[in-house]
Amino acid sequence: MMPQLQFRDAFWCRDFTAHTGYEVLLQRLLDGRRMCKDVEELLRQSTLRTSFDSLKQQMENVGSAHIQLALALREELRGLEDFRERQKEQRKKYEAVMDRVQKSKLILYKKTMESKKTYEQKCRDADDAEQAFERISASGHQKQVEKSQSKAKQCKDAANEAERMYRQNIEQLEKVRGEWEQEHRTTCEAFQLQEFDRLTVLRNALWVHCNQLSMQCVKDDELYEEVRLTLEGCSVDTDINSFIQAKSTGTEPPAPVPYQNYYDREITPSSSSPGMPTSCGMIKRFSGLLHGSPKTPPLQAPAAFSTETLTSTPERKECIYADIAVQETSGNPAPPAHDYRVLYDYTAQSSEELDISAGDVLAVILEGEDGWWTVERNGQRGFVPGSYLEKL
């Protein structure tokens, strides 16, 4: 079994001033700006791709199933709308009949109550006229008796007529009341039947709706179970190992920076300004004098690091500033060029640097100790970061 790789062991850079490994990890974590694209790219390059594809497929299946459920619910809704319209039409028929009989009942009731009042008033008038006739009859005035008798008779006839009208209105009201009572019973029975049908239809519709939703939930769970099964095959360790293998920048940290005595350093020509004459030929001799040793042997720089040899004149050993003789020597021949592959894109910051893109193959001419290497591509030379290259 492949051991689990660790970030702390794979993202170093030998150049002490470079932070390529840290930048790679930081870039990995700061790509949230393009989260959707990066996630898709990440999933395409890892074991999550299968799960992601399965999730998309199952989500499409769930969406299709929900669309079918929505269509079924729409058909169910159309049935409810038709049922509601039928009940509305039936209710309106009974409402029209009930409005008619109720209106007739109220009109006749009002008319009957008015005729009753009239009848009662006429009866009181007849009683008063009859009592007045009896009083006048006892007094013996003939004309007054006849007049009182005529008035009593008129009041009696008016009371009889009012009684007749009152009885007639009572009979009509009773007839309308019977009709209203019958219509009321019929309407109540029809409304009860409508209510029964409404409750039954709604109950069945909700029952069917719940069954459909329950079946859909079961189906959704089955589809998502497929995604869970693919997720079980996802290995986080494998994905991390793949990322480390693809983006690793080095397995060792940079070497510690050593202390260098200014007066004991080796004299080398400046790489940043080639051709510039050396002006430090007297350093070691002068440092020897400062340390109490006026006699210093001639200084020779190793050929591997310098193209100039400094020698002091033996005849003037007592002088502080000895003559310096500079002798041109030929350096080691340049090592043969090697092909390297570019790991990351780099944009040149000056005319001495070279633009490179990930995947390019370059020929390395010189590996600078400062981390900048001289490379050649298609006849063009320039400096590039050495940590961005990988040897083929």
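Predicted model: local features only at pLDDT ≥ 70, side-chain atom pairs only at ≥ 80, totals over all residues.
Residues are numbered from 1 along each chain as its sequence is written, and side-chain values use heavy atoms, with hydrogens and water left out.

**Overall fold**
- The chain has six helices and seven strands, taken as DSSP runs (helices H or I, at least four residues; strands E, at least two) numbered from the N terminus.
- Along the sequence the pattern reads α-α-α-α-α-α-β-β-β-β-β-β-β.
- Of the 392 residues in the chain, 21% are buried, where buried means under 20% relative accessible area, exposed over 50%, and partly exposed in between (1.4 Å probe, protein chains only).

**Cysteines**
- The count of disulfides (pairs of cysteine sulfur atoms within 2.5 Å) is zero.
- Cysteine 123 is partly exposed at 23% relative accessible area, and cysteine 210 is partly exposed at 49%.

**Surface charge**
- Asp127, Asp128, Glu130 and Glu134 form a patch of negative charge on the surface; patches take residues with over 30% relative accessible area and no salt bridge, like charges being joined within 9 Å.
- A salt bridge here is a side-chain nitrogen of Lys or Arg within 4 Å of a carboxyl oxygen of Asp or Glu.
- Glutamate 134 belongs to helix H3, residues 48–139.

**A loop residue**
- Asparagine 378 sits in the loop between strand E5 (372–377) and strand E6 (380–385).
- Although not a glycine, asparagine 378 has a positive phi, near 55°.
- Asparagine 378 is exposed, with 74% relative accessible area.

Conventions. Patch = residues over 30% accessible without salt bridge, like charges linked within 9 Å, V, L, I, M, F, W, Y side chains within 5 Å. Areas by Shrake-Rupley, 256 points an atom, 1.4 Å probe, with all protein chains shown as cover. Lys, Arg positive; Asp, Glu negative; His and termini not counted. Charge placed at Lys NZ, Arg CZ, Asp CG, Glu CD.
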